[in-house]
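Below is a short briefing on one protein model, grouped by topic. Please read it alongside the sequence and the 3D view.

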Amino acid sequence: MPQLRVEKAKSGRAKCQLKPCSEAIAKGDLRIGTGVMMPGMEEYSYKYRHLCCFTKKQISNLGADFDPSVIEGYDELSKSEQSMVKDMLNGDLVDKTEIKGCTGDNVGATPGEATKKETKAAKKPAPKKPAPKAKKGKKRAPSSESDSDSSSSSSSSSSSSSSVQPKKKKTKKN
C-alpha cells in the first residue's frame, strides 16, 4: 500500500503529476500525494495530483477495505473535505475535471470560485501605502548658460559679466 498524503496546496507551484493534466494545483486546492522514497533519503517525497486525477488503478491498488483515516493529513481536513476524499476513494471523482479549483467547502461552486474565507478577505480594502517622500536637496540652476560659457574659450569680458554669479554670504561686522 503506497504512502498517501492529502492537504491543501500551500503555494500553487506544484503541478499535477497525471500526464494528460499537468496543470498547476492552485493554492488552497485539495491535493492528494503519493509517497515516493528517493535514493539516499529517509523521508518520503510526494507526487501530487488533483483529487479528480487520482486514477481507478490507484484506487484499486488501495484495496476495497481501505480506511481513509490512515491517509496523512486526513484528520486536519474539514468534514466536507473529508467527504470529498471519501468520494475520491469510491471512484466518484475520477475524470470529473469540473471539481478542479474547488475545495470541500465550495464543492458545489464553479471551478475557481472563491471559498467563504477568500471572499471575506477580498472584501477587506487593501491597506493604503504612504505617498513617496520628496527627495531633499538643493535645486540646481539651469545648466544652459554654464554650457554656453564653457563651450566658448575666448569669451569677452561683457559675456562673463552677464553670467549668473553665486551669491556671497553676508557677514555682520561688529
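**Briefing**

Aspartate 95 counts as exposed, at 63% relative accessibility. Buried means under 20% relative accessible area, exposed over 50% and partly exposed in between, with a 1.4 Å probe and protein chains only. This is a predicted model, in which local features need pLDDT of at least 70 and side-chain atom pairs count only at pLDDT 80 or more, while totals for chains, interfaces and linings use all residues. Residues are numbered from 1 along each chain as its sequence is written, and side-chain values use heavy atoms, with hydrogens and water left out.

**Overall make-up**

- The protein has five helices and three strands; helices (H or I, at least four residues) and strands (E, at least two) are DSSP runs, numbered from the N terminus.
- Along the sequence, the pattern reads β-β-β-α-α-α-α-α.
- Of the protein's 174 residues, 28% count as buried.
- The accessible surface is about 13700 Å², and 52% of that belongs to carbon and sulfur atoms; accessible areas come from the Shrake-Rupley method with a 1.4 Å probe, and for residues only the protein chains shown count as cover.
- Among contacts (heavy atoms within 4.5 Å) with a separation of 6 or more, 50% come from residues 24 or more positions apart.

**Nonpolar core**

- In soluble globular proteins, nonpolar side chains tend to be buried together.
- A nonpolar core is a set of buried Ala, Val, Leu, Ile, Met, Phe, Trp, Tyr and Cys residues joined through side-chain atoms within 4.5 Å.
- The largest such core has 27 residues, and those with the most contacts inside it are Val6, Ile32, Leu51, Ile71, Val85 and Met88.
- At least two residues of this core come from each of β1 (4-8), β2 (30-37), β3 (44-50), α1 (56-62) and α2 (79-89).
- α2 supplies the largest share of this core, four residues.
- Leaving aside residues up to four places away in sequence, isoleucine 32 touches residues including Leu4, Val6, Leu51, Phe54, Ile71 and Met88.

**Positive phi**

- Most residues other than glycine have a negative phi.
- Serine 22, in the loop between β1 and β2, has a positive phi near 50° although it is not a glycine.
- Serine 22 is partly exposed, with a relative accessible area of 35%.
- Aspartate 95, in the loop between α2 and α3 (116-123), is not a glycine either and has a positive phi of about 65°.

**Aspartate 29**

- Aspartate 29 is in the loop between β1 and β2 and is buried, with a relative accessible area of 8%.
- Aspartate 29 and glutamate 7 are 22 residues apart in sequence and 8.1 Å apart in space, C-alpha to C-alpha.
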